[in-house]
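Thanks for coming, everyone. Let me put the sequence and the structure up, and then we'll walk through the helix packing.

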Amino acid sequence: MGYSEGLDAEISREVGEEKKTVDFQEEKSKRRPFHIWAVGENMYRLKLKASMIGALERKYGKNVLNLVSDEEGLPPLSVMLTIIQAAASPWNHGMDYNKVKTVYDEWCDYGGNQMELLSEIIMPTLVVSGFFTKKQGDMMMEELKSMDETI
């Protein structure tokens, strides 16, 4: 028997148990479809798809959460911009790394900074991408904001 990705074969097997249907929509509210990064007159939709999460993990050799929770503090700007590129490219035509750098520079011209990039752009993007619940994301963003105020 060969190995394949996913659990399709396992799920489709009959195990002789009574099947129950659960409507998760009744219990959960739907998460926002994107995080929007507003820069000047432009709006960029951000959300990480599974394929992009995999690409980030292959590139850096670690989980995306470990990329943003660097032991030395703030993750490198290049890592944060690469995460944004991965989150933006499926939804925004022509969003390569150089375009992301240009958008970041413009965002900084409007008053943005690296700490806000993490707390206001990266973390909310991870929330809509399914890394955290909204409540967990809000708590982390509050912690980042308070850390930003003490610096």
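Contact here means heavy atoms within 4.5 Å. With that in hand, start with the whole chain. Take the contacts in the protein chain between residues at least 6 apart in sequence: 59% of them join residues at least 24 apart.

Now the ground rules. This is a predicted model, where local features need pLDDT of at least 70 and side-chain atom pairs count only at pLDDT 80 or more, while totals for chains, interfaces and linings use all residues. Residues are numbered from 1 along each chain as its sequence is written, and side-chain values use heavy atoms, with hydrogens and water left out.

What does the secondary structure come to? Eight helices and two strands. Helices are DSSP runs of H or I with at least four residues, strands are runs of E with at least two, and both are numbered from the N terminus. In order from the N terminus, the elements read α-α-β-β-α-α-α-α-α-α. Of the 151 residues, 32% count as buried. Buried means under 20% relative accessible area, exposed means over 50%, and partly exposed is in between, with a 1.4 Å probe and protein chains only.

On to helix 5, residues 77-88. Helix 5 has twelve residues and spans 16 Å from its first C-alpha to its last, close to the 16 Å expected at 1.5 Å a residue. That expected span is 1.5 Å times one less than the number of residues. Nine of the twelve residues in helix 5 are buried, so this helix is largely enclosed by the rest of the structure. The buried ones are V79, M80, L81, T82, I83, I84, A86, A87 and A88. What do they pack against? Strand 1 (35-39), strand 2 (42-46), helix 3 (50-60), helix 4 (64-68), helix 6 (97-109) and helix 7.

Two packed helices are described by the angle between their axes and the distance between the axes. Axes are lines fitted to C-alpha atoms, for helices over the stretch in contact, and angles run from 0 to 180 degrees between N-to-C directions.

Partner one is helix 7, residues 114-128. Its axis and that of helix 5 are 11 Å apart, at an angle of about 30°. Helix 5 and helix 7 are therefore roughly parallel. The cut-offs: under 35 degrees is roughly parallel, over 145 roughly antiparallel, 65 to 115 roughly perpendicular, and the rest oblique. Helix 5 passes helix 7 in a left-handed crossing. Left-handed means the near helix is turned anticlockwise from the far one by less than a right angle; right-handed means clockwise. On the helix 5 side, L77, M80, L81, I83, I84 and A87 make the contact; on the helix 7 side, Q114, L117, L118, I121, I122 and T125 do. These residues divide into ten nonpolar, two polar and no charged. Nonpolar covers Ala, Val, Leu, Ile, Met, Phe, Trp, Tyr, Cys and Pro; charged covers Asp, Glu, Lys and Arg; the others, Gly among them, are polar.

Partner two is helix 3. The axes of helix 3 and helix 5 come within 9 Å and cross at roughly 150°. That makes helix 3 roughly antiparallel to helix 5. This crossing is right-handed. M52, L56, K59 and Y60 of helix 3 meet S78, V79, T82, I83 and A86 of helix 5. The count here is six nonpolar, two polar and one charged.

Last, some single residues. V103 sits in helix 6. V103 has 2% relative accessibility, so it counts as buried. Beyond residues up to four places away in sequence, V103 touches W37, V39, Y44 and M95. V103 and W37 are 66 residues apart in sequence, yet 9.8 Å apart in space, C-alpha to C-alpha.

Then A50, in helix 3. Is A50 buried or exposed? Exposed, with a relative accessible area of 66%.
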